[in-house]
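Here is my notebook from an afternoon of looking things up in one model.

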Amino acid sequence: MNITEEISRYISEHKQEAYELLTTLARIPAPSGREERRAGFIMDWLKEKGAKGVYLDDALNVIYPIGCTQENPLYVFSAHTDIVFPDETELPVEEREGKLCAPGIGDDTANVAALMIAAEYLAKHTAGNDFQNGAGCLIVFNSGEEGLGNLKGIRAVCREYGKRIRQHISFDGTMKGIVNRSVGSKRYRIEVQTEGGHSYGAFGNRNAIVYLADLIGTLYELKVPRKGRTTYNVGTISGGTSVNSIAQQAWMLYEFRSDDREDLEFMERHFDAVINAYRAKGITVQVDLIGERPCMGDVPPEELEALTKRANAVIQKYSGAAAGDGSGSTDCNIPHSLGIPAVSFGAYRGGGAHTREEWLEIESLEPGLGIVLETVLTESGWRGK
């Protein structure tokens, strides 16, 4: 079988279906932690297309195992169902000037839709044991990739299947870049508490806002290590009661991240030292870890390099342009931390990710289907029927 001709034929026959699937899926709200409506739609759709054994796990992952026994090696292909927006009602989708526009239309809805079409192909063309070397294929539509989802979905997949996973490909982002190195991070909610009081009658009492602002300034005095790329940020701050009250309470959300494990550990030591210094002043500082993404583990470099090259070749074949590669924070963080070769890349051209003005080029959807379908078939070792 000529795989290029087979993929071209299949896409030609299903491109309208893929377009309608994407626009339908994009309207279904799926904030992190509340992906159940989108997950339910995906599971019902796959079953209607003939997928056998599809199930929804406790983490709200839709999992389609193909040729999976109790112990055979597995190749995982995933796309995350959650988007960054908190909407619980139907999302707006518009087509204008050759573009589809909607919150989350690209990240990651377009990649979910493309992987669903690939899953449909496998459901119709495999008996379940059509992969080389006795391997199995795991198609995953996972939860919790965005924000404080904390990679909940892929964590659950790796807990269940981890030792058997030989390789993981996450379809996320556009076709312009490949993430092959993971950026680890820690995210905290930090609250400062003081006695506060009336702004006139209790003047001189300690103000939580002042101490929190001073703490932030101390954190920002740090010069980051340069072994890898390391950053930090205060993203949200709030506190106080009124203009004539000395604030008793103030809090912030703070994160640091790095693509180097030693640098990430350095940032944690610095953070702990700053917090302890302010506690030593008699200030109550409450610290809650609200998110943690691991850094790179001991991934075999030659296997990761070969996987990156193969991914780039497929992207260039269908898009006409090579993709860059580099570090990022994606679902690959979890397999990378376990030493599993993994890359993340997408199947559309577009922009405005994480804004309500997100868009994608409609004409990029067809080559995107080719990228996803060929990647799934070749990387899983599918032998064809």
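How many aromatic pairs does the count come to? I counted rings of Phe, Tyr and Trp (its six-membered ring) as paired if their centres lie within 6.5 Å, with planes under 30 degrees apart called stacked, over 60 edge-to-face and the rest tilted. By this rule I get 9 aromatic pairs.

Before going on, a note on the ground rules. This is a predicted model, where local features need pLDDT of at least 70 and side-chain atom pairs count only at pLDDT 80 or more, while totals for chains, interfaces and linings use all residues. Residues are numbered from 1 along each chain as its sequence is written, and side-chain values use heavy atoms, with hydrogens and water left out.

**Entry: aromatic rings**

I looked up Y10 and Y121 and found an edge-to-face pair, 4.8 Å centre to centre with 90 degrees between the planes. Y10 sits in helix α1 and Y121 in helix α3 (residues 105–125), 111 residues apart. Y10 and Y121 are both buried, where buried means under 20% relative accessible area, exposed over 50% and partly exposed in between (1.4 Å probe, protein chains only).

Next I checked Y121 against W382: the ring centres are 5.6 Å apart and the planes stand at 75 degrees, so this pair is edge-to-face. W382 lies in the segment after α9, so the pair ties helix α3 to a part of the chain 261 residues away in sequence. Y121 has a relative accessible area of 0%, and W382 is buried at 7%. I also noted one aromatic cluster, formed by Y188, Y254, F256 and F271.

**Entry: salt bridges**

I counted 25 salt bridges in the structure, taking a salt bridge as a side-chain nitrogen of Lys or Arg within 4 Å of a carboxyl oxygen of Asp or Glu.

- K49 pairs with E17, their closest N and O atoms being 2.9 Å apart. K49 is in the loop between α2 (36–48) and β1 (55–56), and E17 is in helix α1 (residues 3–26), 32 residues apart. K49 is partly exposed, at 25% relative accessible area.
- E145 meets R293 at 3.8 Å, N to O. E145 lies in the loop between β6 (136–142) and α4 (152–161) and R293 in strand β14 (residues 284–293), so the bridge ties together parts 148 residues apart in sequence. E145 is buried at 5%, and R293 is buried at 4%.
- E292 meets K186 at 3.8 Å, N to O. E292 is in strand β14 and K186 in strand β9 (residues 184–193), 106 residues apart. E292 counts as partly exposed at 35%, whereas K186 is buried at 11%.

I also wrote down a network: R34, E36, R37 and E88 are joined by salt bridges that share partners.

**Entry: two helices packing**

How do α7 and α9 pack, and at what angle? Helix α7 (residues 301–319) and helix α9 (residues 365–379) pack at about 145 degrees, with their axes 9 Å apart. The axes are lines fitted to C-alpha atoms over the stretch in contact, and angles run from 0 to 180 degrees between N-to-C directions. On the α7 side, the contact residues include L307, R310 and V314, and on the α9 side they include P367, G370 and I371; contact means heavy atoms within 4.5 Å.

I found S170 in strand β7 (residues 165–171), buried at 0% relative accessible area. Leaving aside neighbours within four places in sequence, S170 is in contact with S78, D331, C332, V343, S344 and F345.

In α4, the buried residues are G153, I154, A156, V157, C158 and Y161. Their cover includes β1, β2 (62–66), β3 (74–80), β6, β7 and α8 (333–337).

Most residues other than glycine have a negative phi, and most peptide bonds are trans. With that in mind, I jotted down the peptide bond from D107 to D108, which is cis, with omega near 10 degrees. D108 is found in helix α3.

L60 has a positive phi, near 70 degrees; L60 lies in the loop between β1 and β2 and counts as buried at 16%. H354 also has phi near 70 degrees. H354 is in the loop between β17 (350–351) and β18 (359–361), partly exposed at 44%.

Conventions. Helix = DSSP H or I, 4+ residues; strand = E, 2+ residues; numbered from the N terminus.
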